[in-house]
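Here is a short briefing on one protein model and its ligand. The points are grouped by topic.

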Amino acid sequence: MALITIASAKGSPGVTTAALALGGLWPRPVIVAECDPAGGDIALRMPAADGQVLDLQTGLLSLVAAGRKSLQPDLVRQHTQTIVGGLEILAGVNLPEQNAALTHQWALFGPLFAEVEDFDVIADLGRIGAMTPQNNLLGSAQAIAMVVDTTPSNVVHLRERLAYIHSHHGGPLGVPVHVLVHASPKRGQAVREIRYALERSENKSAGVHHVAHDERGANVFQGQIKGDPARTPFVRSLVPVAAELAQATQSYFRTSTAAEVRVS
Ligand SMILES: Nc1ncnc2c1ncn2[C@@H]1O[C@H](COP(=O)(O)OP(=O)(O)O)[C@@H](O)[C@H]1O
Ligand SMILES: [Mg+2]
């Protein structure tokens, strides 16, 4: 019922990895939807809950095909799959041709995901720019997360994107925007400097969080699961982020049963 988008402004700072980890930590039922037109890789990198490979044909594209006449929120869960660990995912597209089939659908996904009953949706938008089609989902989001590393030019790109987001959806009464800074646990000072710079800018973020650079923890979300993921610095660094994002969007979550109770 709540839509949370996660994206980057530049490069590949770990958006998909963070989306999967947040999904795993989410306190309510959730679907991680891969809405990165540059290519889906969750189905390629994560095994299914039963250890088999995920079905590449089931996901965003099969959902759009099934909803050709009428794309309804209750269709979404017919196209999700469960990955190892129990998280439900909606696989993205893999080929440019498949992406072309989605051209006219981007404006529909935001309202669609925000209306899925009993589930929140965390949408991985990949890299967003001024003209990218997945920007359409930002307008339906109840919380926005942006991932960045500490490279100065990437931080500059992030600030440009934050200005865009704030002018369209943010501001004091708008949707909260959280920034996830991917950096070595030793680089707390660099993260504090980014937080300080963002706090001084007009486009205030709701929170600037330090996400630990940690290969073993991140590799869990490449399907290489060794030991308990919950104990890795990466996953631990996302625990407060998941809690804060979930808290910020809690009022949007309603179960179908709760809705029925209210009606009766
Ligand atoms: N916190 C992290 N620590 C270490 N490696 C990471 C972290 N986050 C992502 N990675 C690695 O960086 C690469 C890109 O991550 P990915 O999540 O696919 O990025 P994006 O979705 O932004 O393109 C992957 O190899 C992933 O394992
Ligand atoms: Mg990605």
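The buried residues of helix α7 (residues 188-200) pack against α6 (152-168), β7 and β8. Contact here requires C-beta atoms, placed from the backbone, within 7 Å. Helices (H or I, at least four residues) and strands (E, at least two) are DSSP runs, numbered from the N terminus. This is a predicted model: local features need pLDDT of at least 70, side-chain atom pairs count only at pLDDT 80 or more, and totals for chains, interfaces and linings use all residues. Residues are numbered from 1 along each chain as its sequence is written, while chains are lettered from A and ligands numbered from 1 in the order in which they are written.

**Helix α7**
- V191, I194 and L198 are the buried residues of α7; a buried residue has 20 or more other C-beta atoms within 10 Å of its own, an exposed one 12 or fewer, and a partly exposed one a count in between, with C-beta atoms placed from the backbone.
- Viewed down the axis of α7, these buried residues fall within an arc of 60°, so they line one face of the helix.
- The arc is taken over the directions from the helix axis to the C-beta atoms.
- An α-helix has 3.6 residues a turn, so residues three or four places apart point the same way.
- G188, Q189, Y196, A197, E199 and R200 are exposed on the other side of α7.
- The 13 residues of α7 should span 18 Å at 1.5 Å a residue, and the end C-alpha atoms are 18 Å apart, which agrees.
- That expected span is 1.5 Å times one less than the number of residues.

**The sheet**
- Eight strands form an open sheet with mixed pairing, in the order β3-β4-β2-β5-β1-β6-β7-β8.
- Its edge strands are β3 (81-82) and β8, each pairing on one side only.
- Two strands count as paired if DSSP finds at least two bridges between them.

**Strand β6**
- All seven of the seven residues of β6 (residues 143-149) are buried, so the strand is largely enclosed by the rest of the structure.
- A143, A145, V147 and D149 cover one side of β6, and I144, M146 and V148 the other.
- In a regular strand the side chains alternate between the two faces of the sheet.
- β6 pairs in the parallel sense with β1 (residues 3-8) over five bridges, and I4 has A143 as its bridge partner.
- β6 also pairs in the parallel sense with β7 (residues 177-183), over six bridges; here V148 stands opposite V181.

**Strand β2**
- Five of the five residues of β2 are buried, so this strand too is largely enclosed by the rest of the structure.
- V30, V32 and E34 lie on one side of β2, with I31 and A33 on the other.
- β2 and β4 (residues 88-90) pair in the parallel sense over three bridges: A33 stands opposite L90, and V32 has I89 as its bridge partner.
- Five bridges join β2 to β5, and the two run parallel; V30 stands opposite D120.

**Helix α5**
- The buried residues of α5 (residues 106-114) are F109, G110, L112, F113 and A114.
- They pack against β1, β2 (30-34) and β5 (120-127).

**Ligand 1**
- Of the 17 residues around ligand 1, S12, G14, T16, T17 and A218 come nearest; a residue is near if its C-beta atom, placed from the backbone, lies within 6 Å.
- α1 (15-25), β8 (207-212) and α8 (215-219) are the elements that give two or more residues to this shell.
- The shell holds six nonpolar, nine polar and two charged residues; Ala, Val, Leu, Ile, Met, Phe, Trp, Tyr, Cys and Pro count as nonpolar, Asp, Glu, Lys and Arg as charged, and the others, Gly among them, as polar.

Methods: Contact = placed C-beta atoms within 7 Å.
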